[in-house]
Amino acid sequence: MKRTYQYIGLALVTALGLSSCSDKFLEDKKNYGAVGEDIYNYEAGAQGRINDLYGWCLPTTQSDLNWKNPSVGKSDIAGQSTEEYGGFTSFTDPEVTMSSTTAGTAVVDYFGGDDLENVQSNTFGTIRNINNAIQGITNSTLSQELKDKLLGQAYFFRAWTYYKLVKWYGGVPIVKDVLPATPAAFTQRSSAKECFEFIIDDLNTSARMLEGKTMDYGRITAGTALALKGRVLTLWCSPMFNRKGDQTRYQEAYTIMKEDLAKIDACGYGLYGEGDPGTNASTFANMFVTKDRNPEAVFVTLYNKLVDFSGYADAVRNNRWERDIRPDNAGGGGLKPSKAIVDLFPMSDGKLPATASTYTKLEKSDKDYDERYPFMDRDPRFYRTFAFPGFRWAYAAGDNGDATAMDSRNPSYNNGKDYVLWNYVWFYGGDPVDPENNSYRGADNMSKPGGVLVRKKSDDYDINSSPLYDYRPDGQGANNGGYAVPFISAAPYMELRYAEVLLNLAEVACGAGDMAYAVEQLQRIRARAGYTADNNYGLQSNLTGDQAACMSAILYERQIEFAFEGKRFDDMRRWMLFDGGVKPAWAPDTWQLSGIWGSNTCTWLGFKPFNGQRCESFIYKINDAYGMASDDTYDKDPLLAAKTERPEGVNLTQDLADQLAALKTWYEANLTWQLRQSGRYSDHSLKTIYFNPRNYFLGLKANVSQKNVGIYQTVGWEDVNNGGAMGTFDPLAE
């Protein structure tokens, strides 16, 4: 969005005034901004300030998880710490212990941001900016109606910013005013309970101020505020913050959220395409790339296809997702999911594959599952989430050429309109059976080959003949250094969609003991995916009478419905699915699980703890009978050299049964499935996942503590300001 008004100098001490910087530094930085209070007395000026908050606060797909933006489903530190991607991160590597001092691997910082002295580069700079707008508009001479419309959006963004802090740290400093940039403005951490109450109060204020007001698509509405409140209440009820298993929290949240649902609906939100699942879940796929006002998009960031960086650079807002997931021979990054998430998706009857051991209280399917051919007989959403060798994945090249403009060796496939993914590999050296051997090359000029790619949220030309991207492989879309970025996309990004509203409500309903209502929400989600009442939408019959099984089914549905949307790591942390919430010896008594959870959430849910497991990737290689290539030259594919004909490509716009059976037969004759076992110790033995229990609540990074002498460190983490002694702030203490 275009920033019209400059309002705060970029060298403000720290946004919150928490800094212990020298008085001389403060003296030098007294000019904090160039905007006078009078700007708020004009609608254009006040609206410009709110527009600026959108620029600061809207989540974006441009970068990976950081203090400003949530995970959006990439293979970032959050995604790689779940079943969605293989490998190990600072959260899950048993050889890494994150440090809150200056030694070792620094703890990730989602509290302040790396540049604490730049008001635009840290969380509390954003909070100061929001508080400035709230103060200015509140004290202005604008009409009360206009004040409410503008302030409602500002209060939402303050709540949004605090929610992102609290989910990582529990309690943080609550700052409601524009504080002077002096050491005297130091603010201590508040309890988690106080922070939750503050966030919910802001969201209630936002919803009240915006009630009944017409807003442009992409703007915050009363429904957006109430939906985020539902997410916040669900977090407050979850075991991470509700160690005693207090069902009263659930009952209160259920009452509130059920009432709020009617208000959210009144704002025009609802399940996209409800009642018409389309062909092979095409409705589910299309909701991510619709250009029209989308009822699913409760909290959404809009993008454009501009590439001209002259003038205001922040007017250029491209969605990176399409370029990140597309195969590299079309100019993309080719994200590779783990075998674990592929194996977890339901079969076509809605039940878990028979081989799954993760959810022991959920029924297994009677349908055969063969991990070598995982595309057979699956949930309709499976085919819109993953792409396998031999599947169509069409794109439109437009007037700027096709993928050969980037590399003449890339296949054209009728300018992308008939693109078929072929990313099997052949070996040209070493032992082709060795899972550590990387001497292989991919079909069709693939430099980043693999067995399966993430397809979720893709702008598929077969379902959207007017894609929301320009395809520019010839470099016309070059930016920030002159590299070609072919998929210049304007697809919206939905941070919070209506399906989550329903599943959050289902979760608190289940926790409150109304499993029947919870199941109704699951049925709505599954009906949109293509299931019917004939088999109870693929749900087992005991969910209305077994609270733990019902909750497990809800978490499983979230895992499938929101795969690669950046939600899984938050779910795993709040339900403590890494170890079930085993209380460490150093933890205070408030950390002890009890009540309906018993002493372990994994045991109660029937969930296999993630600690001790591995997430492997896998590839398809040509059968050994074809032999090895003489070198890694792109055109040495032994399968094609033998004149083996490849199938036409599975077309998701048509019935799948015969197509998949034919592809399986072709695989059996020509390809072999192989694990790629990365993550080894120096002796080549395999690592297993270990999530340190102190990571449920993060400690403050050393630079944050050093800039804010006196701020409490989180329990379980060393305090750099106290000689490395353990922190004293308990996020669960009230």
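Guide: H6 passes H7 in a left-handed crossing. The model is predicted. Helix H6 covers residues 222-237 and helix H7 covers residues 247-266. Their axes come within 10 Å and cross at roughly 165 degrees. An angle over 145 degrees counts as roughly antiparallel. H6 and H7 are therefore roughly antiparallel to each other.

Now the contact itself. On the H6 side, the residues are Gly223, Leu226, Ala227, Lys229, Gly230, Leu233, Thr234, Trp236 and Cys237. On the H7 side, they meet Arg249, Tyr250, Ala253, Ile256, Met257, Asp260, Lys263 and Ile264. By class, this contact of H6 with H7 has 10 nonpolar, three polar and four charged residues.

A second pair can be set beside it. Helix H12, residues 498-511, packs with H14 at an angle of about 165 degrees. The axes of H12 and H14 are 9 Å apart. H12 and H14 are therefore roughly antiparallel to each other. Their crossing is left-handed. H12 contributes Ala499, Glu500, Leu503, Asn504, Ala506, Glu507, Cys510 and Gly511. H14 meets them with Gln547, Cys550, Met551, Ile554, Leu555, Glu557, Arg558 and Glu561. The contact of H12 with H14 has eight nonpolar, three polar and five charged residues.

Next, a strand. Strand S1, residues 297-301, pairs with S10 in the antiparallel sense over four bridges.

Last, two backbone details in loops. Most residues other than glycine have a negative phi. Asn536 has a positive phi of about 55 degrees, although it is not a glycine. Asn536 lies in the loop between helix H13 (515-529) and helix H14 (547-561). At 26% relative accessibility, Asn536 counts as partly exposed. Asn415 also has a positive phi of about 55 degrees and is not a glycine. Asn415 is found between strand S3 (391-392) and strand S4 (420-421), in the loop that joins them. With a relative accessible area of 29%, Asn415 is partly exposed.

Technical notes:
Residues are numbered from 1 along each chain as its sequence is written. This is a predicted model: local features need pLDDT of at least 70, side-chain atom pairs count only at pLDDT 80 or more; totals for chains, interfaces and linings use all residues. Side-chain values use heavy atoms; hydrogens and water are left out. Axes are lines fitted to C-alpha atoms, for helices over the stretch in contact, and angles run from 0 to 180 degrees between N-to-C directions. Angles under 35 degrees count as roughly parallel, over 145 as roughly antiparallel, 65 to 115 as roughly perpendicular and the rest as oblique. A crossing is left-handed if the near helix is turned anticlockwise from the far one by less than a right angle, and right-handed if clockwise. Contact means heavy atoms within 4.5 Å. Ala, Val, Leu, Ile, Met, Phe, Trp, Tyr, Cys and Pro count as nonpolar, Asp, Glu, Lys and Arg as charged, and the others, Gly among them, as polar. Two strands pair if DSSP finds at least two bridges between them. Buried means under 20% relative accessible area, exposed over 50%, partly exposed in between (1.4 Å probe, protein chains only).
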